[in-house]
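Happy to walk through this one with you.

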Amino acid sequence: LPLSSPKPRDPARRALAAVVETMTTLGFSCEIDRSATSARLVTCPMLEAARRHEGVICSFHRGVVTGIAERQTDRAVVELHPFAEPGACRLRAAPVG
């Protein structure tokens, strides 16, 4: 899902697109999956600190992700899963209700 595309109608996809766009401006590199409801964060601007203090850094990033998603819609959530796979954290979007 290119960042320049129109806003998706699906709330989960819209929320994920907004999160990815913001995280990219903050220095993350993101790869959105074909479903457009999941993405890999493959570059973190605070990776070394996150490895040493995962609870602090990843909790902060989790709050950023949640806040961005909540500003987009109350019909979807985006969750951050730190170090979910080798070389990447994972974002997952899902509808609420």
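Below are questions and answers on a predicted model.

Q: Why is helix 1 called oblique to helix 3?
A: Helix 1 (residues 11–25) and helix 3 (residues 54–72) pack at an angle of about 130°. Roughly perpendicular covers 65 to 115 degrees and roughly antiparallel starts over 145, so helix 1 is oblique to helix 3. The two axes are 8 Å apart, and helix 1 passes helix 3 in a right-handed crossing.

Q: Which residues make the contact of helix 1 with helix 3?
A: From helix 1 come Arg14, Ala15, Ala18, Val19, Thr22 and Met23. Helix 3 brings Val64, Val65, Ile68, Ala69 and Gln72.

Q: What makes up this contact in terms of nonpolar, polar and charged residues?
A: The contact of helix 1 with helix 3 has 8 nonpolar residues, 2 polar and 1 charged.

Q: How do you know whether alanine 17 is buried or exposed?
A: Buried means under 20% relative accessible area. Alanine 17 has 16% relative accessibility, so alanine 17 counts as buried.

Q: What stands out about the phi of alanine 36?
A: Phi of alanine 36 is near 60°, a positive value in a residue other than glycine. You will find alanine 36 in the loop between strand 1 (29–32) and strand 2 (38–43). At 9% relative accessibility, against a cut-off of under 20%, alanine 36 is buried.

Q: Why is phenylalanine 83 called partly exposed?
A: Partly exposed is the range between the buried limit, under 20%, and the exposed limit, over 50%. Phenylalanine 83 has a relative accessible area of 33%, so phenylalanine 83 is partly exposed. Phenylalanine 83 is found in strand 3 (residues 76–85), and its phi is near 50°, a positive value in a residue other than glycine.

Q: How do you know that histidine 61 counts as buried?
A: The value for histidine 61 is 8% relative accessibility, and the cut-off is under 20%, so histidine 61 counts as buried. The place of histidine 61 is in helix 3. Beyond neighbours within four places in sequence, histidine 61 is in contact with Phe28, Cys44, Met46 and Leu80.

Q: What makes leucine 80 count as buried?
A: Leucine 80 has 7% relative accessibility and the limit is under 20%, so leucine 80 counts as buried. Leucine 80 sits in strand 3. Setting aside neighbours within four places in sequence, its contacts include Leu41, Cys58, His61, Val65 and Leu91. Threonine 22 is 58 residues from leucine 80 in sequence and 14 Å away in space, C-alpha to C-alpha.

Q: Which residues of the largest nonpolar core touch the most other members?
A: This core has 19 residues, and Leu16, Val19, Leu41, Val65, Val78 and Leu91 touch the most other members. Two or more residues are given by each of helix 1, strand 2, helix 3, strand 3 and strand 4 (88–95). Helix 1 supplies the largest share of this core, 7 residues. In soluble globular proteins, nonpolar side chains tend to be buried together.

Q: What does leucine 16 touch, not counting residues up to four places away in sequence?
A: Leucine 16 touches Ile32, Ala36, Thr37, Ser38, Ala39, Val78, Leu91 and Ala93.

Terms used. Residues numbered from 1 in each chain as written. Predicted model: local features only at pLDDT ≥ 70, side-chain atom pairs only at ≥ 80, totals over all residues. Heavy atoms only, no water. Axes fitted to C-alpha atoms, helices over the stretch in contact; angles between N-to-C directions. Helix = DSSP H or I, 4+ residues; strand = E, 2+ residues; numbered from the N terminus. Parallel < 35°, antiparallel > 145°, perpendicular 65-115°, else oblique. Left-handed = near helix turned anticlockwise from the far one by under 90°. Contact = heavy atoms within 4.5 Å. Nonpolar A, V, L, I, M, F, W, Y, C, P; charged D, E, K, R; others polar. Buried < 20%, exposed > 50% of the residue type's maximum accessible area, 1.4 Å probe, protein only. Core = buried A, V, L, I, M, F, W, Y, C linked by side-chain atoms within 4.5 Å.
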